[in-house]
Amino acid sequence: MRIPFPRLTAPLCALVLLLLAPASESCGPGRGYGKRRPPKKLIPLAYKQFSPNVAEKTLGASGRPEGKVTRSSERFKELTPNYNTDIIFKDEEDTGADRLMTQRCKDKLNSLAISVMNMWPGVKLRVTEGWDEDGHHSEDSLHYEGRAVDITTSDRDRNKYAMLARLAVEAGFDWVYYESKAHIHCSVKSEHSVAAKTGGCFPGDAQVTLESGIIKQMRDLRPSDRVLASSTTNGHGPLLYSTVLSFLDLQSNVTKIFTLIGTNTGLNITLTAAHLIFVTDCTDGIGKENVRTSFASEVQPGQCLLTSQGTETTQAVVTFVEEKLGTGVYAPLTQHGSIVVNRVLASCYAAVDNHHLAHWALSPLRLVRTLMGSAKQLTDGVHWYPRLLQRIGEMLLDPKHFHTLGNERGL
């Protein structure tokens, strides 16, 4: 049987080769093909320099504060302790507060700890300030939300701090500031805004329909499963069963705020605010010219969603849009770039307001997964490829094309 593959343009072929090259060099035996790239030259930050070169609490850095987190607040459960033995926590209050932080901050800090040990053998990363519950910082400090840390090296050698700041930038902190001769300040975006911008997810109890007719919850979905999806990128054609190739985001145990969209037929769908969903104006049928995608948070009552009736699509009028808490975030990527969830047709993509652009940009990943087979291992976290696309997109695209409601409303 002949397996059809997407026709590749020359630029797309080049992009695929570039993406595959690092994997060939690092995973294969010996040197791989060609020469290895020389190590990246790291330039230390200057005193009082910050990176990126924008204010900390702006969209291009760590984003706006969302309010203090206290031990009695609902958001306190979003903080997680960091017991990494490669990091020294000053913990002068002796309460363990400095160890508490958001998962994103924890991930970046753990990555930085490895870089510090590689740069200076025998030296560890040291955290002097983490989550603040005692009011030691300015009113809108991100320390109150577990989104900021002040760091030094374990030997407290101030000659290392400029390079330590650079290592923090490389580790992925969203804002790094060589704030003082005595420490480096680092902060990250909120978990809500990161999920809204990068993930585009469904909760774990969302339901999909398999080719066998079985209804499966999103938390039980696996790569190679075939799920109901649209046969066209426009969403207007008949439905078919499309292979799940991978997950763009998967965080099984987190609790997030989702957008719940209800319809007059009783069919509801729950997804993150920045996720794209197919809509119409409820007029002129479901033609190519009438169907478009919208961020979930921008769907309005009176519009229509596309719902499944067997392998055909029909329209259901939106009657309400509200917020709800859900557990787990799952973003499956199908071969066709769409998926029917709770019998409602949605895109597999998020963050950027153009389903076709996102589908094209994910072509290399879909191609690789098609050629090599669906990913078998499920690991929590955001896939590296959409992370890369997000960074490129933020550099090349006008910010108006990105979903920003998550930063404004804390979604």
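Colleague: How many salt bridges does the count come to here?

Modeller: The count comes to 13 salt bridges. Keep in mind as we go that this is a predicted model. The general idea is that side chains of opposite charge can pair when their charged atoms come close.

Colleague: Let's take one. Which residue forms a salt bridge with R71?

Modeller: That would be E133, with the closest N and O atoms 2.8 Å apart. R71 sits in the loop between β1 (50-51) and β2 (80-81), while E133 is in the loop between β5 (125-129) and β6 (148-153), so this pair ties together parts 62 residues apart in sequence.

Colleague: And how exposed are R71 and E133?

Modeller: R71 is partly exposed, at a relative accessible area of 41%. E133 is partly exposed as well, at 31%.

Colleague: Which residue does K160 form a salt bridge with, and how far apart are the closest N and O atoms?

Modeller: K160 pairs with D155, and the closest N and O atoms are 2.7 Å apart. K160 is buried, with a relative accessible area of 13%, because the cut-off for buried is under 20%. D155, on the other hand, is partly exposed at 35%.

Colleague: Where do D281 and R292 lie?

Modeller: First the pair itself: D281 and R292 form a salt bridge whose closest N and O atoms are 2.9 Å apart. D281 belongs to the loop between β14 and β15 (292-295) and R292 to strand β15, so the bridge ties together parts 11 residues apart in sequence. D281 counts as partly exposed at 46% relative accessibility, and R292 is partly exposed too, at 34%.
There is also a network to look at: salt bridges that share partners join E66, R75, E145 and R147.

Colleague: Now for the aromatic rings. How many aromatic pairs does a search of the whole structure find?

Modeller: The search finds 6 aromatic pairs. To read one, remember that a pair of aromatic rings is described by the distance of the centres and the angle of the planes. Take F50 and W175: their ring centres are 5.4 Å apart and their planes stand at 35°, so this pair is tilted. F50 is in strand β1 and W175 in strand β7 (residues 175-180), so the pair links distant parts of the chain, 125 residues apart.

Colleague: Are F50 and W175 buried or partly exposed?

Modeller: F50 is partly exposed, with a relative accessible area of 28%, whereas W175 is buried at 6%. F50 and W175 also form one aromatic cluster together with Y177.

Colleague: What geometry do F247 and Y330 have?

Modeller: F247 and Y330 make an edge-to-face pair, 6.4 Å centre to centre with 70° between the planes. This pair also links distant parts of the chain, with F247 in strand β12 and Y330 in strand β17, 83 residues apart. F247 is buried, at a relative accessible area of 8%, and Y330 is buried at 6%.

Colleague: Which charged end sits over the ring of Y144?

Modeller: The charged end of K68, 4.4 Å from the ring centre. In another case to look up, K181 lies over the face of Y47, at 4.2 Å from the ring centre.

Colleague: What does I261 touch?

Modeller: Leaving out residues up to four places away in sequence, the residues that I261 touches include I269, I277, L305 and F320.

Note on methods
Residues numbered from 1 in each chain as written. Predicted model: local features only at pLDDT ≥ 70, side-chain atom pairs only at ≥ 80, totals over all residues. Heavy atoms only, no water. Contact = heavy atoms within 4.5 Å. Salt bridge = Lys/Arg side-chain N within 4 Å of Asp/Glu carboxyl O. Helix = DSSP H or I, 4+ residues; strand = E, 2+ residues; numbered from the N terminus. Buried < 20%, exposed > 50% of the residue type's maximum accessible area, 1.4 Å probe, protein only. Phe/Tyr/Trp six-rings, centres within 6.5 Å; stacked < 30°, edge-to-face > 60°. Lys NZ or Arg CZ within 6 Å of the ring centre and 35° of its normal.
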